[in-house]
Amino acid sequence: MTQRSSVSGQRSARAPEAPWHYCLEVRDLAAGYEGTPAIRAISFAIPPGQMVGVIGPNGAGKTTLFKAILGLVPLQGGQILLHEKEAHAQRSLMGYVPQIDDLDRRFPVSVRDVVMMGRYPRIGWVRRPGADDAAAVRAALERVDMADLAHRQIGRLSGGQLQRVLLARALAQDPHLLLLDEPVSGVDTTTQHAIFAVLESLRDAGKTVVVATHDLNCVVERFEQVLCLNRRLVAYGPPTQVFRDSVLEETYGSHLMIVRVGDRQVVVADEHRHRTHPVRRPERG
Amino acid sequence: MEWLVSPFELAFMQRAFLGGILVGALCAVVGTFVVLRGMAFIGDALAHAAFPGVVLAYMLNANIHLGATIFALATALGIGFVSRRARTSDDTTIGILFAGAFALGILLMSTIQGYTADLFSFLFGNILGISTADLAVVGALAALVVLAVALCYKELLIVSFDPVVAEAMGYPVQALNYLLLSLIALTIVVSIQAVGVVLVVALLVTPAATAALLTERFLRVMGVGVLLSMLATALGLYLSFYLNVASGAAIVLVSTVLFFTALGARRLRSGAAR
């Protein structure tokens with residue numbers, strides 16, 4: 001197995017003193033339901049206090065990777081460690097923000113009800129939420145700027161607002177590792193900025209944040225590490241090193257190109273080019 | 001006002017009102033989950049699947065509620081099991097199991113020599129025939145189900161709303177789903193006497209669905225559903241008493257009318273808002 005393709009340039013300078021070398025460690029993972037694994041040959045390690053982007057085309061296995069980490073999809077091989085122990089045994093330390101499309105928005109729950117669910121594991125069976133839970137919910141809602149809509153039914157929210165509510169639920173859970181599935185696709189820019197502000201403050205507080213996204217430019221700008229996935233691990237490392245034509249081609253096929261604007265890289269989807277006629281792009285540094 | 005109280009002069013009507021209102025309230029509590037999770041089909045299936053249990057108990061002179069409980073619970077738990085083995089969808093498995101079980105009930109019934117009118121009352125309900133002993137069973141089972149829902153309210157809510165995140169949090173989603181199925185099965189057993197296996201699903205679904213049109217919070221849907229269900233039961237029993245029509249069918253029809261009234265009111269209101 002080509003393990004740890006490029007676990008390089010880990011910047012853990014921001015993280016406060018953490019007793020663990022890595023927050024999340026995935027070793028030669030293969031996962032999926034019955035038969036051929038949906039994802040395989042995946043190895044990477046993330047130190048605490050980092051924000052990692054997971055990119056790959058639709059069907060690349062981004063959601064499957066998250067679900068495998070969370071213990072929702074059976075492992076067919078390999079290991080997933082959270083703080084050097086089996087991740088499955090420590091589910092309360094992991095927060096998950098699913099895609100909003102997976103939810104029934106007609107369900108009769110308010111914004112506050114949903115965020116309170118993040119406290120449920122802490123409250124425990126049978127017992128009811130107390131004053132400290134209510135305070136935690138309020139604080140989480142304020143962090144995503146949704147406190148004034150606390151009593152609104154979730155079907156009456158915009159997509160961006162609902163996305164922030166789901167983030168607030170994960171905040172109320174106070175996890176060490178936060179996994180977000182496409183939190184910024186199709187949401188307004190206000191929500192995008194609000195979400196990244198929260199994620200960056202989590203990272204700065206020493207949490208580990210993993211975000212699946214389609215927005216490569218956003219990855220270049222905001223993430224210290226990027227994981228390129230296409231049913232297996234294509235590359236893992238800082239975006240400036242990882243985003244080479246060959247890697248993106250292997251991840252997406254050949255309909256993307258990288259343009260350099262000033263000192264920034266910009267990724268452009270080139271939908272007009274035929275796959276059968278790959279045009280050589282000018283070499284960059 | 002005379003007409004309001006006169007039915008209560010008869011002991012069987014007192015029992016019918018008490019039993020009906022108890023059953024209606026219970027159905028709305030459990031039915032809220034059934035409606036919000038889209039489990040109407042499985043509710044209907046469990047009711048039909050309980051029928052062979054009723055017939056067997058009748059043939060063996062055993063307790064009818066016990067027979068119905070065994071068959072409803074076995075079906076509730078068997079659906080997931082069969083789906084996994086046969087690799088069919090739950091939907092298909094439910095169709096296979098409930099029709100098969102119901103056919104078994106009908107077949108057994110056809111082997112009974114002589115009088116089977118009692119069994120017909122389990123098909124179409126006969127709340128007017130409820131005995132004091134039946135009332136005690138209904139009361140005890142209703143208390144059990146409501147207690148379970150109250151104790152596991154948080155867990156049942158999160159598993160219903162967002163099963164993926166619930167599982168990620170470490171909740172035993174499968175076990176909670178089986179708990180809910182068992183509660184639905186017990187509710188159905190209790191309700192069969194009131195409206196019969198054919199119409200139980202209406203009691204389970206209609207009041208909660210009506211309530212969901214009127215309010216947007218889970219507990220309020222449940223509360224309003226309970227009130228609507230009790231109202232439908234009472235009105236249905238009056239109709240049955242004065243027009244001399246089948247009690248189960250009358251209760252269900254009143255429920256249906258309430259649903260369409262709520263739907264109309266909602267449309268009018270949203271039309272006025274525009």
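Tutor: Let's start in chain B, where α3(B) passes α5(B) in a left-handed crossing (the near helix is turned anticlockwise from the far one by less than a right angle; clockwise would be right-handed). This is a predicted model, so local features need pLDDT of at least 70 and side-chain atom pairs pLDDT 80 or more, while totals for chains, interfaces and linings use all residues. Residues count from 1 along each chain as its sequence is written, and chains are lettered from A, with ligands numbered from 1, in the order written.

Back to the pair: α3(B) covers residues 40–59 and α5(B) residues 90–111, and their axes come within 8 Å, crossing at roughly 25° (axes are lines fitted to C-alpha atoms, for helices over the stretch in contact; angles run from 0 to 180 degrees between N-to-C directions). That makes α3(B) and α5(B) roughly parallel to each other (under 35 degrees; over 145 is roughly antiparallel, 65 to 115 roughly perpendicular, the rest oblique). Helices here are DSSP runs of H or I with at least four residues, strands are runs of E with at least two, and both are numbered from the N terminus.

Who touches whom? On the α3(B) side you'll find B:Phe41, B:Ile42, B:Ala45, B:His48, B:Ala49, B:Phe51, B:Pro52, B:Val55, B:Leu56 and B:Met59. They meet a set in α5(B) that includes B:Ile94, B:Leu97, B:Phe98, B:Phe102, B:Leu104, B:Leu108 and B:Met109, as well as B:Asp91 and B:Gly105 (contact: C-beta atoms, placed from the backbone, within 7 Å). The tally for this contact is 17 nonpolar, two polar and one charged (nonpolar: Ala, Val, Leu, Ile, Met, Phe, Trp, Tyr, Cys, Pro; charged: Asp, Glu, Lys, Arg; polar: the others, Gly among them).

Now try another pair in chain B: α2(B) (residues 11–36) and α10(B) (residues 173–214) pack at about 65°, their axes 6 Å apart. Here α2(B) passes α10(B) in a right-handed crossing. The residues of that contact split into 20 nonpolar, seven polar and no charged.

A:Gly160, A:Gln163, A:Arg164 and A:Leu167 of α5(A) face A:Thr190, A:Thr191, A:Ala194, A:Ile195 and A:Val198 of α6(A). The residues of this contact come out as four nonpolar, four polar and one charged.

One is an open, mixed sheet of six strands, ordered β6-β7-β8-β3-β9-β10 (two strands pair if DSSP finds at least two bridges between them). Its edges are β6(A) and β10(A) (233–237), each with a single partner strand, so one side of each has no neighbour in the sheet. From one strand to the next, the twist averages 15°. Within this sheet, β7(A) (residues 177–181) and β8(A) (residues 208–212) pair in the parallel sense over five bridges, with A:Leu178 standing opposite A:Val209. Helix α1(A) (residues 62–70) lies across β3, β6, β7, β8 and β9 of chain A, running at about 150° to β7(A). Helix α9(A) (residues 245–252) packs on the sheet as well, touching β3, β9 and β10 of chain A at about 140° to β10(A).

There's also an open antiparallel sheet of four strands in chain A, ordered β2-β1-β4-β5. β2(A) (39–46) and β5(A) (85–86) are its edge strands, each pairing on one side only. Five bridges join β1(A) (residues 24–31) to β2(A), and A:Val26 sits opposite A:Phe44 of β2(A).

Finally, where the chains meet, 19 residues of chain A and 19 residues of chain B take part in the contact. On the chain A side, β6 (94–97) and α3 (120–123) each supply at least two residues, and that side divides into 14 nonpolar, three polar and two charged.

Technical notes
Two residues are in contact if their C-beta atoms, placed from the backbone, lie within 7 Å.
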